Amino acid sequence: MKNKLLLFSIVLFNIFALNSCMITPKYHITDSYKVQENENDGIRIKCTYLNREDIIKRHGTKHNPFLAPYRVMTPQPVIIFELEITNLEEGVIKLDQRKIDFFYNDKNYTPMSRLKMRMKIEDEVTKGSERLRQERIVKQYMFNDIEKIKGNQTVTKYIIYMRNLKDRGESELVIPIYTIDGLEAADFSFFYNFTTKNR
């Protein structure tokens with residue numbers, strides 16, 4: 001009887017310890033202007049920070065590939081910016097997503113690519129029809145690694161950071177835009193201060 005009570009006590013202790021260790025999932029909020037806009041050398045960029053509520057309003061929760069997965073001990077927050085890039089001139093310009101800098105507390109992060117997002121979906125979504133639905137959303141809303149913007153055209157898509165970022169941070173998003181020949185046409189900076197909020 002004593003052994004059973006001891007075993008039961010150990011099980012209860014382990015359950016309590018696990019629950020104590022589980023970190024409440026959080027998401028980032030900002031006290032900066034969510035929408036910021038700059039124009040430079042015939043190019044205009046409007047940058048909008050989308051928090052978790054914004055993403056759920058747009059894409060719901062059931063088929064939403066942009067929600068961070070819940071993970072015990074290592075919750076992985078997601079930071080999403082919507083970029084509306086307008087080419088006010090005649091020539092073609094391009095965004096190279098791999099050259100965007102996101103400095104968060106002075107550490108530089110690169111945005112998630114479509115390929116990595118598709119790999120995430122393949123790992124986490126088992127149902128084939130649901131996987132295809134999420135992949136279509138990714139294709140529609142995420143930038144290509146290199147996105148061309150024709151003259152007098154506007155392209156609006158997301159850049160996404162899914163990393164273990166600090167709860168509080170000062171950030172600078174630096175976006176260079178290039179000519180079709182690869183010369184830098186202009187660069188843009190947007191500044192956001194972040195804290196976190198429990199879901």
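**Entry: strand S4.** I started with S4, which is mostly covered, with 9 of its 10 residues buried. This is a predicted model, so everything here is read off computed coordinates. I then asked how S4 pairs with S3 and S9. S3 and S4 run antiparallel and are joined by 8 bridges. One bridge I looked up pairs Ile 43 with Asn 87 in S4. S4 and S9 are also antiparallel, and they pair over 9 bridges. There I picked Thr 86, and its bridge partner in S9 is Thr 154.

A reminder to myself: in a regular strand, side chains alternate between the two faces of the sheet.

**Entry: helix H2.** Next I went to H2, residues 52-59, and looked for what is tucked away. Asp 54, Ile 55 and His 59 are buried in this helix. Looking down the axis of H2, I find its buried residues within an arc of 105 degrees, so they line one face of the helix. What lies over them? The cover on the buried residues of H2 includes strand S3 (43-50), strand S4 (78-87), helix H4 (128-141) and strand S9 (154-162).

At the N-terminal end, Asn 51 is the cap, with a side-chain oxygen 3.1 Å from the backbone nitrogen of Glu 53. Just after H2 comes Gly 60, with a positive phi of about 70 degrees.

**Entry: Glu 82 and Arg 58.** I then followed a link between S4 and H2. Glu 82 makes a salt bridge with Arg 58, and their closest N and O atoms are 2.6 Å apart. Glu 82 sits in strand S4 and Arg 58 in helix H2, so the pair ties together parts 24 residues apart in sequence. Buried or exposed? Glu 82 is buried, at a relative accessible area of 15%. Arg 58 counts as partly exposed, at 41% relative accessibility.

**Entry: other salt bridges.** How many salt bridges are there by this rule? The count comes to 9. The general idea is that side chains of opposite charge can pair when their charged atoms come close.

I looked at Glu 147 and Lys 157, which form a salt bridge with the closest N and O atoms 3.5 Å apart. This pair links distant parts of the chain, with Glu 147 in strand S8 and Lys 157 in strand S9, 10 residues apart. I looked up burial for both: Glu 147 is buried at 8% relative accessible area, and Lys 157 is buried at 14%.

I also went to Glu 37, which has a salt bridge to Arg 44, with the closest N and O atoms 3.6 Å apart. Glu 37 is partly exposed at a relative accessible area of 47%, and Arg 44 is partly exposed at 25%. Glu 37 and Arg 44 also belong to a network of salt bridges that takes in Glu 39.

**Entry: helix H3.** I did the burial check again on H3, residues 114-124. Which residues of H3 are buried? They are Arg 114, Met 117, Lys 120 and Ile 121. Around the axis they cover an arc of only 120 degrees, which puts them on the same side of H3. On the other side of H3 I find Lys 116 and Asp 123, both exposed. The cover on the buried residues of H3 includes H4 and S9.

The helix rule I keep in mind for this: an α-helix has 3.6 residues a turn, so residues three or four places apart point the same way.

**Entry: loops.** Last, I went through a few loop residues. Asp 106 is in the loop between strand S6 (101-104) and strand S7 (107-109). Its phi is near 75 degrees, a positive value in a residue other than glycine. Asp 106 counts as exposed, at 76% relative accessibility.

Asn 152 is in the loop between strand S8 (146-149) and S9. Phi of Asn 152 is near 55 degrees, again positive in a residue other than glycine. Asn 152 is exposed, with a relative accessible area of 51%.

Tyr 33 is in the loop between strand S1 (26-30) and strand S2 (35-40). Tyr 33 counts as exposed, at 70% relative accessibility. I also checked Tyr 33 against Thr 48, 15 residues apart along the chain, and their C-alpha atoms are separated by 8.6 Å.

Definitions and conventions
Residues are numbered from 1 along each chain as its sequence is written. This is a predicted model: local features need pLDDT of at least 70, side-chain atom pairs count only at pLDDT 80 or more; totals for chains, interfaces and linings use all residues. Side-chain values use heavy atoms; hydrogens and water are left out. Buried means under 20% relative accessible area, exposed over 50%, partly exposed in between (1.4 Å probe, protein chains only). Helices (H or I, at least four residues) and strands (E, at least two) are DSSP runs, numbered from the N terminus. The arc is that of the directions from the helix axis to the C-beta atoms. Contact means heavy atoms within 4.5 Å. A polar contact is a pair of N or O atoms within 3.5 Å; within protein, one must be able to donate a hydrogen and the other to accept it, and residues adjacent in sequence count only if both atoms are side-chain atoms. Two strands pair if DSSP finds at least two bridges between them. A salt bridge is a side-chain nitrogen of Lys or Arg within 4 Å of a carboxyl oxygen of Asp or Glu.
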